Amino acid sequence: MPAIEVEGLERAFGEVLAVQGIDLTVAEGEIYGFLGPNGAGKTTTVRMLTTLLLPSGGRASVAGHDVVADARQVRASIGVALQEAALDPLMTGRELIRLQATLQGLPPAAGRERADALLERVDLAAVADRRVGGYSGGMKRRLDLAAALVHEPSVLFLDEPTTGLDPVSRKTIWEEVRALNDDGTTVFLTTQYLEEADQLADSVGIIDSGRIVAEGTPESLKDEIGDPHVELLIGEGEVAEAERVCAEIGRLLPPKDGKRVLVEVENGAADIPRVVRALDEAGIAVESLELVRPTLDDVFVDKTGHHLEKEESEDGGEPVPA
Amino acid sequence: MNDLAKSARVVRALGARSIRQTFRRPQLLAPIVVFPTLLLAIQTGGAGASIELPGFPPVQSFLQFMLAGSMMQSMMLAGNSGGIAFAVDIEMGFTDRLFAAPIPRFAIVLGRLAGTAALGLFASLWFLAIGLIFGAHIEGGVPGALLAILLVTASALAVGGIGAAIALRTGSASVVQGLFPLVLVVLFLSSAFFPQELMIEPAKTIAQYNPLSFIVEGVREPIISGIDATQTLEAVAAIAGIVVLGLVLSSRALKHRLRVG
């Protein structure tokens with residue numbers, strides 16, 4: 001049984017169709033990366049899957065329960081860490097986790113025990129009795145994650161868990177997500193960071209303007225775009241000759257500048273010695289060499305015609321309900 | 001643990017959080033304690049002689065008369081503060097954490113109301129203590145004091161329901177905060193601070209039908225003269241009416257919030 005199954009899911013806000021009939025399946029024990037720019041429909045989808053928002057059409061089940069008909073069973077099976085860590089700044093970390101344990105129906109003693117264990121796990125035990133308002137962004141995210149785990153959910157929803165975090169905090173969250181997944185938790189992770197999806201996800205769904213435009217493993221999606229290429233920085237005056245030599249090995253790609261030669265190689269790294277040997281035999285000096293693989297951004301560009309990460313600098317956002 | 005017991009634990013936990021939140025955020029506590037206490041001090045000091053006016057109900061002192069009004073003011077502002085705090089929870093997404101939990105969602109509203117009712121209890125105890133310290137008699141004795149406490153606590157729950165409904169419907173703390181002047185209008189157009197008999201029209205008629213007047217008189221009577229069954233029943237009926245209105249509005253606003261996300 002899939003952990004998450006979605007068919008034709010839709011959500012409209014007035015005239016605006018924020019999610020336009022998406023289909024997706026997440027296998028048990030998988031990390032599913034839901035990738036898209038601001039306003040693409042990621043958060044709206046997560047809110048429907050976590051029963052916080054009623055769909056306008058289609059159906060979805062999570063942990064085997066329908067998100068509309070069996071909403072409470074869904075809520076008992078999932079952990080949710082929403083965008084921007086919705087934490088009460090006046091509560092202490094310990095109070096928050098204990099409240100979450102009560103909300104999930106844990107008996108008081110078990111709730112206290114679980115809270116202590118989770119605070120230890122996310123390395124917040126030392127600050128557990130400080131008010132959340134004094135925590136750093138990374139600490140808040142870790143606390144939010146701990147709160148989502150209090151009842152050991154089978155499916156965990158993380159809505160942009162590392163947005164706005166520094167690289168070290170981001171890595172800490174990634175490690176925790178991997179550890180949870182190793183323990184068997186299915187993770188549905190929305191992100192606007194290509195690297196995050198690439199690093200963490202077993203499968204990726206790319207959403208743009210409310211529609212899923214591509215789905216598959218990161219590798220399969222990148223493979224669809226084409227072969228990797230070797231980027232060679234060539235000594236002055238030898239570029240034309242290098243291009244002639246490389247054209248015999250693979251397809252030449254449009255050059256970035258007058259110093260580089262880009263050649264597509266069918267077998268990736270295995271073709272590098274061949275390229276180097278051919279250039280060496282032709283007496284061409286190579287100043288540097290890099291194997292460049294297609295990225296998820298290339299996939300995004302291929303499917304939508306625009307870049308993902310470039311758009312993130314612009315203010316976006318999904319439709320706001322009236 | 002059955003569903004009801006789980007919900008009761010959630011209501012208790014959320015109520016406790018709501019009280020902690022109020023005591024940790026001075027701007028929520030000030031309207032409940034500081035403003036009504038100051039107004040009580042100013043009015044008692046400045047208008048104490050008004051008890052000599054013809055038509056003023058027989059009271060031991062103006063302080064004794066004013067206690068019920070101060071409790072009402074504090075209770076109304078507790079309801080307003082509760083609504084503001086609830087709206088802040090919605091604005092910062094904290095309610096999503098609660099809505100994503102496997103509990104009956106109305107328990108979340110009830111948790112907030114339990115906290116507001118506890119603040120009403122606190123308000124009644126605070127002003128009874130002030131009254132007793134400064135020499136006011138509680139003519140109804142311990143039963144009268146207990147009745148006043150009960151009525152103020154229940155009123156806080158009732159008014160909190162209206163505050164919660166507005167918070168849920170608008171999701172905006174500034175809108176709920178904007179109701180503050182309205183709270184004062186409702187208070188001043190009741191018999192909270194002045195006897196109905198001495199008011200002039202149209203305030204007199206408005207106060208006569210203002211449900212708050214019935215509650216005020218129900219709280220005041222055990223303090224200034226003793227428990228009166230008719231006034232107690234009228235106060236209970238007024239509270240029950242506001243409770244029903246608050247719960248219906250909250251329930252509808254909750255459905256709206258869940259529908260629009």
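This is a predicted model: local features need pLDDT of at least 70, side-chain atom pairs count only at pLDDT 80 or more; totals for chains, interfaces and linings use all residues.

Trainee: What follows α8(A)?

Mentor: Gly226(A) comes after α8(A), and the phi of this glycine is positive, near 145 degrees.

Trainee: Zooming out, how many helices and strands are there in chain A?

Mentor: Chain A has 11 helices and 14 strands, and its C-alpha trace spans about 75 × 45 × 35 Å along the principal axes. Of the 322 residues in chain A, 45% are buried.

Trainee: OK, switching topic: how many residues of chain A are in contact with chain B?

Mentor: There are 23 residues of chain A in contact with 23 residues of chain B. On the side of chain A that touches chain B, α2 (71-77) and α3 (93-103) of chain A each supply at least two residues, and the residues of that side divide into 14 nonpolar, four polar and five charged.

Trainee: Which residues touch the most other members of the largest nonpolar core?

Mentor: That core has 148 residues, and those touching the most other members are Leu143(A), Phe188(A), Leu189(A), Met72(B), Ile215(B) and Val219(B). Helix α3 of chain B, residues 62-91, gives the most to this core, with 17 residues. Apart from this core lies another, of 10 residues, with Val263(A), Val265(A), Val275(A) and Leu279(A) among them.

Trainee: What is Met72(B) in contact with, leaving aside its neighbours within four places in sequence?

Mentor: With those neighbours left aside, Met72(B) is in contact with Leu187(B), Ala192(B), Leu212(B), Ile215(B), Val216(B) and Val219(B).

Trainee: Last one: is Ala167(B) buried or exposed?

Mentor: Ala167(B), which lies in helix α6 (residues 141-170) of chain B, is buried, because 29 other C-beta atoms lie within 10 Å and 20 or more are enough to count as buried. Leaving aside neighbours within four places in sequence, its contacts are Gly83(B), Phe86(B), Ala87(B), Ile90(B) and Val176(B). The C-alpha atoms of Ala167(B) and Gly82(B) are separated by 9.1 Å, although the two residues are 85 residues apart along the chain.

How values were computed. Residues are numbered from 1 along each chain as its sequence is written. Chains are lettered from A and ligands numbered from 1 in the order in which they are written. Two residues are in contact if their C-beta atoms, placed from the backbone, lie within 7 Å. Helices (H or I, at least four residues) and strands (E, at least two) are DSSP runs, numbered from the N terminus. Ala, Val, Leu, Ile, Met, Phe, Trp, Tyr, Cys and Pro count as nonpolar, Asp, Glu, Lys and Arg as charged, and the others, Gly among them, as polar. A residue is buried if 20 or more other C-beta atoms lie within 10 Å of its own, exposed if 12 or fewer, and partly exposed in between; C-beta atoms are placed from the backbone. A nonpolar core is a set of buried Ala, Val, Leu, Ile, Met, Phe, Trp, Tyr and Cys residues joined through C-beta atoms within 7 Å.
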